[in-house]
Amino acid sequence: MALDILAVAPLYQGPDINKIRLMAETTKKSTTPPKPLTPSRTKLTTIETKRIMSVLDETIHKVELVTLLSNVASSSQSLEGMLGEDIMKAVREHVDLCQTLLDHVNYLQEEEQRLQEEEGFEDEPWFRDLVFSIELQKSRLPPLRQQIRESTKNVLRLLLRNPQAASLLQVQSLGRSEEAQSFIDSLVELRGFLFEKLLTSPMEARDKTQFIQDITRRNRRNQEIIDTLENELAACMRNRDAEKKYKVETEIENWIQKYDLEMSEKQDEYEELDIIHKEEKLQLEELKQRHSVLVEEFSQIQAEREIKAKERLEAEQEMVRMVRAATLIQALWKGYLVRSMLRSKKKKRNKGKVKDKEKGKGKEKGKGKGKEKGKGKEKGKGKKGKGKK
């Protein structure tokens with residue numbers, strides 16, 4: 001439905017018109033085959049051929065003008081004084097009709113998409129109303145498309161009546177869309193093919209047809225040779241693949257056997273190591289038990305040693321105290337003995353001196369006794385002080 005509506009739209013461009021897809025896709029320029037036969041004529045001679053080319057040239061000229069109308073509408077202020085008020089008015093009406101068509105197309109596309117999404121509700125009243133609305137909008141499109149055709153003819157008629165305005169419009173070729181330019185290039189390419197075809201005489205056409213047939217036969221023979229060579233190559237590749245596959249399978253089988261042999265040896269070695277490991281594990285458990293017993297005994301012995309060491313330390317400290325006390329007692333005793341010996345010696349000396357004095361002087365006997373008694377008291381006091389110290 002959308003492709004039928006967009007039959008006229010590829011000739012225009014603009015902010016919203018760019019959404020339209022070109023019906024005529026860009027024709028890929030095929031590689032031109034070599035031309036061994038060129039036409040002998042370079043100009044058209046018959047009236048029919050000239051009319052055909054003039055019709056095609058006029059069509060290309062009109063398409064070039066039509067594809068620039070959207071650019072004229074977008075820059076109407078700068079071109080209004082150059083193209084004239086009648087042309088600008090017709091262009092604006094034409095662009096408005098195209099915009100209306102685009103709005104209808106966009107609305108219909110959205111509604112149809114919504115209709116596809118709501119396919120499970122065909123029996124609902126609102127669904128039937130939506131279908132009716134879409135059909136109503138579709139019925140309005142053919143008259144609108146006819147109005148656009150008439151508007152296009154009207155604009156072209158005004159431009160062709162004013163060659164100066166048409167020339168001025170053709171200068172604005174940069175405003176043409178890429179799709180429109182591609183369409184024009186396709187028409188120009190078609191004109192070249194048609195011109196060459198019209199220049200070719202019937203004799204030249206037969207010769208060209210014969211040449212093409214010869215080329216086709218040669219191409220067919222070459223293709224057969226190519227197919228044969230490709231088949232031989234494919235057979236060789238299959239044989240080679242079969243030999244690469246046989247070798248690979250043999251090598252894989254050898255590797256598998258080697259792997260199985262090595263794995264069996266490793267398995268035996270693993271089983272032996274596992275047995276040894278289990279035995280060593282049992283020995284380890286026994287050693288752990290013995291170790292726990294020894295640790296307990298060692299802790300007991302260590303505790304006893306600590307107690308004995310503590311007792312020995314206390315005994316040594318007690319012995320040190322006793323030695324110090326004995327030393328102190330011995331020192332005091334020795335001091336006492338020395339002091340007692342000194343006192344006895346002093347007493348003997350004093351007694352000797354008293355006897356000598358009594359013999360020498362009789363008169364001073366009383367005085368001497370008093371003095372000696374005083375000295376004796378002082379000495380006694382001195383000895384008592386020393387003993388206290």
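In the predicted model, a salt bridge joins the side chains of Arg191 and Asp57, with an N to O distance of 2.4 Å. Because Arg191 belongs to helix α8 (residues 178-199) and Asp57 to helix α2 (residues 47-66), this pair ties together parts of the chain that are 134 residues apart in sequence. Arg191 is partly exposed, at 28% relative accessibility, and Asp57 is likewise classed as partly exposed, with a relative accessible area of 31%.

The search of the whole structure returned six salt bridges, among them two within helix α9. In one of these, the closest N and O atoms of Asp214 and Arg217 are 2.2 Å apart, the two residues being separated by three positions, or about one turn of the helix. Asp214 is partly exposed at 30% relative accessibility, as is Arg217 at 35%. In the other, Lys278 pairs with Asp274 at 3.5 Å between the closest N and O atoms, across four residues of helix α9; Asp274, at 24% relative accessibility, counts as partly exposed.

Helix α9 also contains Ile252, which together with Val248 and Ile256 forms a nonpolar surface patch of about 250 Å² of accessible area. Ile252 itself is partly exposed, at 45% relative accessibility.

With regard to confidence, the mean pLDDT of the protein chain is 76, and 75% of its residues reach 70 or more. Among the elements, helix α9 (residues 202-360) has the highest mean pLDDT, at 87, whereas helix α1 (residues 2-5) has the lowest, at 34. Over residues 1-36 the pLDDT stays under 50, and the model has 59 contacts beyond four places in sequence for this stretch. Residues 376-389 also have pLDDT below 50, with eight contacts beyond near neighbours in sequence.

How values were computed:
Residues are numbered from 1 along each chain as its sequence is written. This is a predicted model: local features need pLDDT of at least 70, side-chain atom pairs count only at pLDDT 80 or more; totals for chains, interfaces and linings use all residues. Side-chain values use heavy atoms; hydrogens and water are left out. pLDDT is the predictor's confidence in each residue, from 0 to 100. Contact means heavy atoms within 4.5 Å. Patches are made of residues with over 30% relative accessible area and no salt bridge: like charges are joined within 9 Å, nonpolar side chains (Val, Leu, Ile, Met, Phe, Trp, Tyr) within 5 Å. Accessible areas come from the Shrake-Rupley method with a 1.4 Å probe; for residues, only the protein chains shown count as cover. A salt bridge is a side-chain nitrogen of Lys or Arg within 4 Å of a carboxyl oxygen of Asp or Glu. Buried means under 20% relative accessible area, exposed over 50%, partly exposed in between (1.4 Å probe, protein chains only).
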